[in-house]
Amino acid sequence: MEKELLKISDLTIQYSVENSVCQAVNHVDLKLNRGETLGLVGETGAGKTTIALGIMGLVPDPPGRIVGGTITFDGLDLVKATKKELREIRGKKISMIFQDPMTALNPIDKVGDQIREVIELHNKGMSKAEAAKKACDTLELVGIPAERYDEYPHQFSGGMKQRIVIAIALACNPELLLADEPTTALDVTIQAQVLELMNGLKRKLNTSMLLITHDLGVVAEMCEKVAIIYAGEIVEYGEAEHIYDRTAHPYTEGLFGSLPSVADERTRLTPIGGLMPDPMNLPKGCKFAPRCKKAAEACKEQPVPLVEIAPGHFCRCLFAEEKEGRYE
Amino acid sequence: MQVFKYVIKRLLMMVPVVLGTILILYLMMMAVAGDPAELILGENASQEQYDELREDLGLNDPILVRYGKYVWDIVSKGDFGNSWYTSKPVAEGILERFPTTAGLASCGIFIMIVIGIPIGVISAIKQYTWVDNLAVSLGMVGVSMPNFWLGLELIIIFALKLGWLPASGFYGPAYWILPGITVGINSAATVMRTTRSSVLECVRQDYVRTARAKGQSEQKVVVHHVLRNALIPILTVIGMQFGIALGGAVVVETIFSIPGLGKYIVDAIGKRDFPIVLGGVVLLAICFSVVNLVVDLLYAIVDPRMRTQFQGGKKKKKEAKAA
């Protein structure tokens, strides 16, 4: 039986800005097993990064705060964990690949030393030379020659910097890897290289991964499970096949509709009309209702629950159940 | 080797700066000083004495010729001319007093770093708390106090009322404290404000989050990742404040009756002893240029990206071609 590594339940994170409250993450439930990759998909501002930062205990406070819920990692509730416990987990058991490689590295430290820092932190008693040796190995692992240990971030290209960020994240063989749009800042060829690299390392080290992205193509390549997030809420969740082949939520449909397809001869894409609701002032009912073509009065009246429409396939839409027939 | 070349280049570049400074000062002094021969001899001298002195001082030459001679004497003999009143060589007078002024300015720099940087860092990390508010208010008070006023207040409180420290003179460590504070406190407030804003900017950077994500302790994150990155603007301000501290020393030495370069210059201004004023200010200008050079070298130590400035133009061009 697969073992559960991470379980998030009812997680709510808010940012307080002056007198208003920005509801970034609302009652999110997620589960991740060992060795599994979960794709977290949503548009900019949907709360994807905030969830990852919540897991790391790095939500910027102030203004951000975890208001409620639990994040259980390997039996420990990270929300209630002490700073010291969190520090021991960060970088060792859970590590994060950050979105923008251009700014994620300290510009005045040698890249090798930046990798060595995390190795030394979590291997007390290891000598400086040993740690440096291990940092060199990690550099080689991500395909950067160890001779470049002494160079500074500005001497590397964007793709190489991203690989260094990945090297930092992987240096201590984490059990859980949070990859926050690891390929967004890269061009497509480098993107493929980086994904290949991450996949290879994942297999080698049996790491679980939470892959945050808004690129459904990347998700298809990497993930077993997918969660679609909209305005801080999970709107659809399930096996990747469910999401791709039996799309249930209108928002997910919209996402697919706005993708270019090689097979179709479409000249124009079908975008989702409108904008995400203001997180300071979310609609009472379904958050997607104002942009949804199928929205009815009932959608706007009260919050829509996340319903299991088929085994392991959850959807937050009043009309989703009608489509249940498609599983037969 | 590259650093050495760079330093030589920068020192050479100082030459026109200093020459220009001397020229401007020379013209200004000539415009305000009146007739030096008349000043020296007083009203009762005969026309002959007067003509003789003008010839001696070279006052009959055109001004640019005199400027050229002045500069040439400095360059060839290290001779800044003689005082018009005592006839003693100015160079000697300046060099005698310079260590005192440099010491006083260093004292001020020390106070400005020791007070300014830690308070600035703490205030930035505790942004919007009472600690921060207090620090910012103190900073406002600090930059608003003119040093001539502060010096007098300190004398009244610590020397006259409490009797803890001496009020004037310069005979031992205790004599350094009040003048040092007077020179340093203004600058400390400026350094604190710069540190605060620079740290605030760095603390929000992604690489600081990366450091935290590694499991690094908050203290090390602040010192190793935040402060080191925040140092560039702080260094710039400290360099500039050093110039201000040298200038401030002129006032402060007068208040505390310290026999330094500043007091020498101020006394000379009172007597319109032109060679001393000129010589003193030229030395201060050279000092300021050197401090700026040191600051630029420190940049390179702090930030590896700045090290490219050591490469000569040729090498850069070569690299550009290769790329």
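Colleague: Which residue stands opposite Ile97(A) in S7(A)?
Modeller: Ala179(A) does. Bear in mind that this is a predicted model.

Colleague: What makes S6(A) and S7(A) a pair?
Modeller: Two strands pair if DSSP finds at least two bridges between them. S6(A) and strand S7 (residues 176-180) of chain A are joined by four bridges, so they meet that cut-off. The two strands run parallel.

Colleague: In what order do the eight strands of the open sheet in chain A lie?
Modeller: The order is S6-S7-S8-S3-S9-S10-S12-S11, and the pairing is mixed.

Colleague: Why are S6 and S11 of chain A called edge strands?
Modeller: S6 and strand S11 (307-310) of chain A each pair on one side only, so they are the edges. Between neighbouring strands of this sheet the average turn is 20°, direction ignored.

Colleague: Which helix packs on the sheet?
Modeller: Helix H1 (residues 48-56) of chain A does. H1 touches strand S3 (37-41), S6, S7, strand S8 (208-213) and strand S9 (225-230) of chain A. The direction of H1 makes about 150° with that of S7(A).

Colleague: How do you know whether Thr50(A) is buried or exposed?
Modeller: Thr50(A), which is found in helix H1 of chain A, has 23 C-beta neighbours inside 10 Å. The cut-off for buried is 20 or more, so Thr50(A) counts as buried.

Colleague: Which residues is Thr50(A) in contact with, leaving aside neighbours within four places in sequence?
Modeller: The contacts are Ile13(A), Ala24(A), Val25(A) and Val59(A).

Colleague: What makes S1(A) and S2(A) a pair?
Modeller: Again at least two bridges are needed. Strand S1 (residues 4-17) of chain A and strand S2 (residues 20-33) of chain A have 10 between them, so they pair. They run antiparallel, and Leu11(A) stands opposite Val28(A) in S2(A).

Colleague: Which residue takes a positive phi in the hairpin of S1(A) and S2(A)?
Modeller: Glu18(A) does, with a phi near 45°. This hairpin has two residues between the strands.

Colleague: How many residues of chain A are in contact with chain B?
Modeller: 24 residues of chain A are in contact with 18 residues of chain B. H4(A) gives the most to the side of chain A that touches chain B, with four residues. By class, that side has 12 nonpolar, six polar and six charged residues.

Colleague: How many helices and strands does chain B have?
Modeller: Chain B has 13 helices and zero strands. Of the 323 residues of chain B, 33% count as buried. The C-alpha trace of chain B spans about 85 × 70 × 30 Å along its principal axes.

Colleague: Why is the crossing of H5(B) and H8(B) given a hand, and which one?
Modeller: Helix H5 (residues 90-125) of chain B and helix H8 (residues 173-203) of chain B cross at roughly 35°, with axes that come within 5 Å. Their crossing is right-handed. The contact of H5(B) with H8(B) has 22 nonpolar, eight polar and one charged residues.

Key:
Residues are numbered from 1 along each chain as its sequence is written. Chains are lettered from A and ligands numbered from 1 in the order in which they are written. This is a predicted model: local features need pLDDT of at least 70, side-chain atom pairs count only at pLDDT 80 or more; totals for chains, interfaces and linings use all residues. Axes are lines fitted to C-alpha atoms, for helices over the stretch in contact, and angles run from 0 to 180 degrees between N-to-C directions. A crossing is left-handed if the near helix is turned anticlockwise from the far one by less than a right angle, and right-handed if clockwise. Ala, Val, Leu, Ile, Met, Phe, Trp, Tyr, Cys and Pro count as nonpolar, Asp, Glu, Lys and Arg as charged, and the others, Gly among them, as polar. A residue is buried if 20 or more other C-beta atoms lie within 10 Å of its own, exposed if 12 or fewer, and partly exposed in between; C-beta atoms are placed from the backbone. Two residues are in contact if their C-beta atoms, placed from the backbone, lie within 7 Å.
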